[in-house]
Amino acid sequence: MDARALFKFQSGLYVVSAQDGDDVGACIINTGLQLTSDPLQVEVVVNKQNHTEGVIERAGHFALTVVTEEADMLYVGRFGFRTSANFQKFDGVPTEHTALGDPYTTQAAASVVACRVVQKLDVGTHVIFVGQVEDAKVLSDAHPMTYEYYHTVLKGKTPPKASSYVG
């Protein structure tokens, strides 16, 4: 079997974030997508080892931000290669909060949706959170970053915690 066939699937890069009291989590994911239009729902897939997964679980809501091609590897590294357990990812970047209280950055961001968790599914190493969209905003007309752009232009690698990681 050639698991690289899955690299041909199209996906984007997103920052999923949540806040539960003083505990803030945020991480880069490549598995966020619209599920239904009525009710308007999206899904995010988060590794159980990510601090953000636990914050979403406790908070019961999350923000999903579409990353644009304006993001560089420093941006990706801030949200993707450090843990929220000991690094404040929103320090030093323009930050706002959704109606549900979750932080998001407007830097290199095309849009943001605020979601209340309505279902979750344990899929082994990851958890799928289904969120009903409570609010949504367009933040920029810049091109959303695809996972292909991340790999070919930014020369990014797929980290072991990513849902698309193949060892």
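Helices (H or I, at least four residues) and strands (E, at least two) are DSSP runs, numbered from the N terminus. The structure is a predicted model, in which local features need pLDDT of at least 70 and side-chain atom pairs count only at pLDDT 80 or more, while totals for chains, interfaces and linings use all residues. Residues are numbered from 1 along each chain as its sequence is written, and side-chain values use heavy atoms, with hydrogens and water left out.

View 1. Not counting residues up to four places away in sequence, Gln 19 touches Val 24, Val 55, Ala 59, His 61, His 97, Gly 101, Asp 102 and Pro 103 (contact means heavy atoms within 4.5 Å). A polar atom of the Gln 19 side chain lies 2.9 Å from the backbone oxygen of Gly 21. Between Gln 19 and Tyr 75, the C-alpha to C-alpha distance is 20 Å, and the two are 56 residues apart in sequence.

View 2. After helix 1 comes Gly 60, with a positive phi near 80°.

**View 3. Thr 68 in the loop between strand 5 (61–67) and helix 2 (73–80).** With a relative accessible area of 0%, Thr 68 is buried. Leaving aside neighbours within four places in sequence, Thr 68 is in contact with Ala 108, Ala 109, Ala 110, Ala 142, His 143, Pro 144 and Met 145.

**View 4. Cys 27 and Cys 115, two cysteines without a disulfide.** A search of the whole structure finds zero disulfides (a disulfide is a pair of cysteine sulfur atoms within 2.5 Å). The cysteine sulfur closest to that of Cys 27 is in Cys 115, and the 14 Å between them is too far for a bond. Cys 115 likewise is in no disulfide, and the sulfur of Cys 27 is its nearest cysteine sulfur. Cys 27 counts as buried because its relative accessibility is 6%. Cys 115 is also buried, with a relative accessible area of 0%.

Note on methods: A polar contact is a pair of N or O atoms within 3.5 Å; within protein, one must be able to donate a hydrogen and the other to accept it, and residues adjacent in sequence count only if both atoms are side-chain atoms. Buried means under 20% relative accessible area, exposed over 50%, partly exposed in between (1.4 Å probe, protein chains only).
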